[in-house]
Amino acid sequence: MNEPAPVLELNDVRYRWPGRALFELHVPQMALAQGETVLLLGESGSGKSTLLSLICGTIVAQSGKVSVAGTDISSLSSGKRDRFRAEQIGLIFQQFNLLPFASVQDNILLPLRFAPDRAKRVASHGDEADRLCGDLGLPRDLMGARAGTLSVGQQQRVAAARALIGTPPLIVADEPTSSLDAATQVAFLDVLFAQSRTNATTVLMVSHDARLADQFDRVIQIADIAKTTRGIA
Amino acid sequence: MILRLALGSLLARALTVAMTVLAIALSVMLFLGVEKVRTGAKASFADTISGTDLIVGARTGSVQLLLYSVFRIGAATNNMTWESYQDIAARDAVDWIVPISLGDSHRQFRVMGTTAAFFERYKYRSGQSLSVRDGEVMDDLFDATIGADVAETLGYGVGDPIVVAHGLASFSEHEDQPFRISGILEKTGTPIDRTVIVSLEAIEAIHVDWRSGAQIPGQSTPVDVIRHMELQPAAITAALVGVKGRLQVFGLQRAINDYGEEPLLAILPGVALQELWQIVGIAETALIAVSAMVIVTALIGMMATIFSSLNERRREMAIFRAMGARPRVIFALLVLEAAVIAAIGALLGLILLYLGLYVAQPLIDSAFGLWIPVDPPTLREVWVLVGVILAGAIVSMVPAVRAYRMSLADGMIVRI
């Protein structure tokens, strides 16, 4: 059977924080296939954030290879990496995801401003933002509201719409549900997955909450794929 | 969209931004206001005397002669004799000549003795003549015509008596010969406003019983006697001269300066005014420097505000970074923001200035005799505004560089 190229692949990646001697993250191998939804479980301090920064290209590994959609991002210049991130990755954070002073629509369309190719895939920006909001269960009349006036649950849906717009191949979510209550968590993941499945988007979600595990295709314990070494300088 | 987001971010911090804008607006208003007052003052300074070709007096410095003859500042150390005056008056080149005699005062105002020709010949604000607001120009020996400020300050009206003091500080008043106010002049914005004008003979009349600055004891000539006396002055302080042809000005000036009978000085009012303005100009430069420093202070204040906003805005910058904005976009955002603040501040300053001018113009004119024209901004002022906006952008690069570094280090993950 002909396996499609993984959307995300890490090979023998080593990262040492500058200034913090002997604190090293080592990821021998990790790969995510297209359309997969993966939960990466780990306690805080296990190197989750570092791993996410490596995948998003805001930091670069000293050795090894991080490939997103077939491109080794460590080979790109920092400016190209920023553009690449905008084009290929939709991001959702834990909370305070949005520019509170900007309208919901401006927040959703923000990544397109930095990703021309992704912007081209969207025929009408306003309509697509409307459609995503509708599909994510947000009332239409919220589009013009300032993002800061929304409830936390609504804000996370707006963040999901922002990650989904222009169908990037990979969505990375950093504990997006930790600020939501249990019922909202499940609902949030349902609408997110419904959207990602229609576009065969890969979703990588980082969390410490194992209760969410049965909603994902696959669960990876960070301890199994990554090794952190700490020492005293 | 980026501009809209930058504006949105500014609006979200409306209060601190408004304070910064206000500081810049006030500093710009001050700077441009000083500029307006300066040019207005310079213009009305140059307008103090016009139409006079030469001012003649006893030999002294040209600025000094101008100061005491036109501005009534300081006193003449020497007078010129009546004979010299008549000699000059008799010259071919001289079209008209008006004598001026100073040295007495009424309260804080100088008294000037002159002839009726003064009202005809003295011109200000490029050729404007003096005009009488109330009453008429003095006619009788004991008539006085007073400037607008004199009338206003002392509450005088036409027909009121007025006592002239000898010397400049009123220790001894010439109480024997009270004058009557015959007329009050229109406000001119020149030293005339602060002058009591009497006839040349009147100056002689009040000194009939005086020798060397003191009243002769026991002697008091009755007014009726004085009226019949020969009141030819022996000396005058200065004379305003008009020549027949402009080309004769320099010849006449040289002739007067080389006058053999007594050391005299003839000056061109325009040239002396310029010399004087150069002296005053130092204060002018200091004023500009101070108001420029106020602008600098306001801009540094803006820089400080941006600096202190950086920490609370780390999240905002992280979101931009996560969405794929390069650090240089963060840099540009901050510089753009500062330029917008500076631009709004500069425009607001301009608006405040014109509102202020509109309101204050008549007040300044009546209080200081300074007419500040409400003209559209000059090119120079437009450059000041552009300069403020550019300086704002440049100054903001300091916090912008810090934001750039922070966003490089933070990346998209900020834990607050």
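These notebook entries record what I looked up in a predicted model with chains A and B.

**Entry 1. Domains of chain B.**
I began with the domain assignment of chain B. It gives domain 1 as 2–45 + 285–410 and domain 2 as 54–267. I then looked up the distance between the centres of the two domains, taken over C-alpha atoms, and found 52 Å. How many residues of domain 1 of chain B are in contact with domain 2 of chain B? I found five residues of domain 1 in contact with four residues of domain 2. By class, the side of domain 1 that touches domain 2 has two nonpolar, two polar and one charged residues.

**Entry 2. Contact between the chains.**
Next I turned to the two chains. I noted that 20 residues of chain B are in contact with 24 residues of chain A. Which elements of chain B give two or more residues to the side that touches chain A? They are helix H1 (2–12) and helix H11 (314–322) of chain B. H1(B) gives the most, with seven residues. I recorded the classes on this side of chain B as eleven nonpolar, four polar and five charged residues.

**Entry 3. Strand S3 of chain B and its partners.**
I followed strand S3 (residues 94–106) of chain B to strand S17 (residues 238–243) of chain B, and found antiparallel pairing over six bridges. Within this pairing, I noted Val241(B) in S17(B) as the bridge partner of Ile97(B). S3(B) is also joined by five bridges to strand S4 (residues 109–114) of chain B, and these two strands run antiparallel. Here Ser105(B) stands opposite Arg110(B) in S4(B). The hairpin of S3(B) and S4(B) has two residues between the strands, and in it Arg107(B) takes a positive phi near 50°. For comparison, I wrote down that most residues other than glycine have a negative phi.

**Entry 4. A sheet in chain A.**
In chain A I traced an open sheet of five strands in the order S5-S4-S1-S2-S10, with antiparallel pairing. Its edge strands are S5 (71–72) and S10 (227–229) of chain A, each of which pairs on one side only. I looked up what packs on the sheet and found helix H1 (residues 48–56) of chain A, which touches strand S1 (8–16), strand S2 (24–32) and S4 of chain A. The direction of this helix makes about 120° with that of S1(A). Val68(A) stands opposite Thr71(A) in S5(A).

**Entry 5. Two positive phi values in chain A.**
I stayed with the loop between S4 and S5 of chain A, where Ala69(A) is found. Ala69(A) is not a glycine, yet it has a positive phi of about 50°. Is Ala69(A) exposed, partly exposed or buried? Ala69(A) counts as partly exposed because it has 19 C-beta neighbours inside 10 Å, whereas a buried residue has 20 or more.
I then looked up Thr167(A), which lies in the loop between helix H6 (152–164) and strand S7 (170–174) of chain A. Its phi is near 40°, again a positive value in a residue other than glycine. Thr167(A) is partly exposed, since 17 other C-beta atoms lie within 10 Å.

**Entry 6. Val132 of chain B.**
I located Val132(B) in strand S7 (residues 132–135) of chain B. Because 15 other C-beta atoms lie within 10 Å, Val132(B) is partly exposed. Not counting residues up to four places away in sequence, I found that Val132(B) touches Val137(B), Gly183(B) and Leu185(B). I also looked up Val132(B) against Leu3(B): they are 129 residues apart in sequence and 61 Å apart in space, C-alpha to C-alpha.

**Entry 7. Nonpolar cores.**
Last, I looked up the largest nonpolar core, which has 112 residues. Which members touch the most other members? They are Ala161(A), Val172(A), Ile24(B) and Ile330(B). Helix H12 (residues 327–368) of chain B supplies the largest share of this core, twelve residues. I followed up Ile24(B): leaving aside neighbours within four places in sequence, its contacts include Ala298(B), Met302(B), Ile341(B), Gly345(B) and Val388(B). A second, separate core has 63 residues, among them Val150(B), Ile181(B), Ile203(B) and Ile226(B).

Note on methods
Residues are numbered from 1 along each chain as its sequence is written. Chains are lettered from A and ligands numbered from 1 in the order in which they are written. This is a predicted model: local features need pLDDT of at least 70, side-chain atom pairs count only at pLDDT 80 or more; totals for chains, interfaces and linings use all residues. Two strands pair if DSSP finds at least two bridges between them. Helices (H or I, at least four residues) and strands (E, at least two) are DSSP runs, numbered from the N terminus. Domain bounds come from an automatic or database domain assignment. Two residues are in contact if their C-beta atoms, placed from the backbone, lie within 7 Å. Ala, Val, Leu, Ile, Met, Phe, Trp, Tyr, Cys and Pro count as nonpolar, Asp, Glu, Lys and Arg as charged, and the others, Gly among them, as polar. Axes are lines fitted to C-alpha atoms, for helices over the stretch in contact, and angles run from 0 to 180 degrees between N-to-C directions. A residue is buried if 20 or more other C-beta atoms lie within 10 Å of its own, exposed if 12 or fewer, and partly exposed in between; C-beta atoms are placed from the backbone. A nonpolar core is a set of buried Ala, Val, Leu, Ile, Met, Phe, Trp, Tyr and Cys residues joined through C-beta atoms within 7 Å.
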